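Please open the structure in a viewer and keep the selection panel at hand.

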Amino acid sequence: LPFNVRPKGSIAKRAFVTDFKGEFYVEYRSLQSVLAFVRKLTESSVPWWKLKAEDLPSKVHYPATEATEEWANEIMALDKLLVEGFETAWLKARALELKQEVRPQEASLVLTERCLRGLGFEEEHAKSIVAPLRELHHLRSKLRGHVAGSDAEALRQAALDEHETYRNHFEDLCSR
């Protein structure tokens, strides 16, 4: 046998490429792209989004196992990083400035859509831009924000049916 102990699992593609082949790993990694974008937003001090806590980027990771609680925790961490950063008051003022109808109870993602429409985006295009953030926030609400029930189980099963693993689902969500 070519090994002392039978392998217990596979090796990550990145580890194989960098550690065994001695090459740079250049495959697109969606979470790293999100974190780089967050860094750019933070450095540019845009008025419509603020990093709510300095340690938030370091708290978001790909789910490493198939434990549903770990996946739910990573969804919550990503939502805290991205969605909670939107500045509702600024978005509301900007939407009004752009002659958009604003209702008092509307939150940041609806206001973001309204701002996009006010800037000239077609309604469907504005919705498609915000859709991944809406999905993320919905997942957080159903998986971590409320008592887990049949809705949470249906969301878990749908993620696995479409993406096979929680990590694949998380990567897809980050890429969108």
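Predicted model: local features only at pLDDT ≥ 70, side-chain atom pairs only at ≥ 80, totals over all residues.

Residues are numbered from 1 along each chain as its sequence is written, and side-chain values use heavy atoms, with hydrogens and water left out.

**Core.** Select Ile75, Leu78, Leu81, Leu82 and Phe170, which touch the most other members of the 41-residue largest nonpolar core. Such a core is a set of buried Ala, Val, Leu, Ile, Met, Phe, Trp, Tyr and Cys residues joined through side-chain atoms within 4.5 Å; buried means under 20% relative accessible area, exposed over 50%, and partly exposed in between (1.4 Å probe, protein chains only). Helix 3 contributes the most, with 7 residues; helices are DSSP runs of H or I, at least four residues, numbered from the N terminus.

**Phe170.** Beyond neighbours within four places in sequence, its contacts (heavy atoms within 4.5 Å) include Leu31, Val60, Tyr62 and Ile75.

**Aromatic pair.** Now select Trp71 and Tyr166, both buried. Their rings are stacked, 4.4 Å centre to centre with 15° between the planes; rings of Phe, Tyr and Trp (its six-membered ring) pair if their centres lie within 6.5 Å, and planes under 30 degrees apart count as stacked. Trp71 lies in helix 3 and Tyr166 in helix 8, so the pair ties together parts 95 residues apart in sequence.

**His137.** Finally, move to helix 6 for His137, which is partly exposed at 31% relative accessibility. Leaving aside neighbours within four places in sequence, His137 is in contact with Asp79, Val83 and Leu109.

Key:
Helix = DSSP H or I, 4+ residues; strand = E, 2+ residues; numbered from the N terminus. Phe/Tyr/Trp six-rings, centres within 6.5 Å; stacked < 30°, edge-to-face > 60°.
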